[in-house]
Amino acid sequence: MSIPSAEDVKALIRDKYDGVESSALAGDIARLAAGEPLAYVIGWVPFLGLRIDLSSRPLIPRPETEYWTEVLIGELKKRRVPRVLDLCAGSGAIGLAVAKHVPGATVSFGELELAHTAQIRKNLELNGVGGTVRRGNLFAPFFDERFDVIATNPPYVPEGRTLEESVAAHEPPVALFAGPAGLSVIERIAR
């Protein structure tokens, strides 16, 4: 147990309770003290002007993913009506941002976990953007389709690597670990 930072408590009050302290706040502070990530306690994160709901507890979108997605969007805006696949989509943050910021883009989402496919659909609706969501292992649900761009943040952590306690205890291992060298999913995608 650790004492949550004042900044985390302020963010919690601002983003979960719209700036008004609630009777549920003490329970949420206890969740933070137990090491649960702030994003899960709040229930959503901002991502390139979107509100990404995390109810199904997918991997929390990281700032570096937001950065690279912004770079991707800049490149896609130079193309004509790109077909984009967000593979290993989790919350769908990458594809949602493309759908919102790239006019004419057709975005599909591929995700292995059933709960996360429902999460992606919810995030599409919450953010008023469209896309096709399919469940399955990597490219299996898209065997008959072609894409201009495949964007993915697949699992890449070597099994056995020690992670921060808040990540190891709360984020989905299937979205993190990928074999002894961390390359098993990446190699399958590359093939």
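The model is predicted, so to speak of a local feature we need pLDDT of at least 70, and side-chain atom pairs count only at pLDDT 80 or more, while totals for chains, interfaces and linings use all residues. Residues are numbered from 1 along each chain as its sequence is written, and side-chain values use heavy atoms, with hydrogens and water left out.

**Aromatic rings**

Let's start with helix α4, which covers residues 63-76 and includes Tyr67. Helices here are DSSP runs of H or I with at least four residues, strands are runs of E with at least two, and both are numbered from the N terminus. On the surface, Tyr67, Trp68 and Val71 make up a nonpolar patch, with about 340 Å² of accessible area together. Such areas come from the Shrake-Rupley method with a 1.4 Å probe, and for residues only the protein chains shown count as cover. Patch members have over 30% relative accessible area and no salt bridge; like charges are joined within 9 Å, and nonpolar side chains (Val, Leu, Ile, Met, Phe, Trp, Tyr) within 5 Å. A salt bridge, in turn, is a side-chain nitrogen of Lys or Arg within 4 Å of a carboxyl oxygen of Asp or Glu.

How many aromatic pairs does the structure hold? There are two aromatic pairs, and the table gives their geometry.

| Pair | Centre to centre | Angle between planes | Type |
|---|---|---|---|
| Tyr67 and Trp68 | 4.9 Å | 80 degrees | edge-to-face |
| Phe142 and Phe147 | 5.7 Å | 80 degrees | edge-to-face |

Rings of Phe, Tyr and Trp (its six-membered ring) pair if their centres lie within 6.5 Å; planes under 30 degrees apart are stacked, over 60 edge-to-face, and the rest tilted.

Are Phe142 and Phe147 buried or exposed? Both are buried. That word means under 20% relative accessible area, exposed means over 50%, and partly exposed lies in between (1.4 Å probe, protein chains only). Tyr67 is partly exposed because its relative accessible area is 47%, whereas Trp68 counts as exposed because it reaches 56%.

The charged end of Arg51 sits over the ring of Trp44, 4.0 Å from its centre, and Arg57 lies over the face of Tyr40, at 4.2 Å from the ring centre. For this, NZ of Lys or CZ of Arg must be within 6 Å of the ring centre and within 35 degrees of the ring normal.

**Buried residues and their contacts**

Thr69 is another residue of helix α4, and Thr69 is buried because its relative accessible area is 3%. Leaving aside neighbours within four places in sequence, Thr69 is in contact (heavy atoms within 4.5 Å) with Phe47, Leu48, Ile94 and Ala97.

Ile60 belongs to the loop between β2 (50-53) and α4. With 9% relative accessible area, Ile60 is buried too. Not counting residues up to four places away in sequence, Ile60 touches Pro37, Ala39, Tyr40, Val45, Leu54 and Glu171.

**Positive phi angles**

Most residues other than glycine have a negative phi. Which phi does Leu48 have? For Leu48 the value is near 50 degrees, which is positive. Leu48 lies in the loop between β1 (44-47) and β2 and is buried at 15% relative accessibility. Cys88 also has a positive phi, about 60 degrees. Cys88 sits in the loop between β3 (83-87) and α5 (93-101), and counts as partly exposed because its relative accessibility is 23%.
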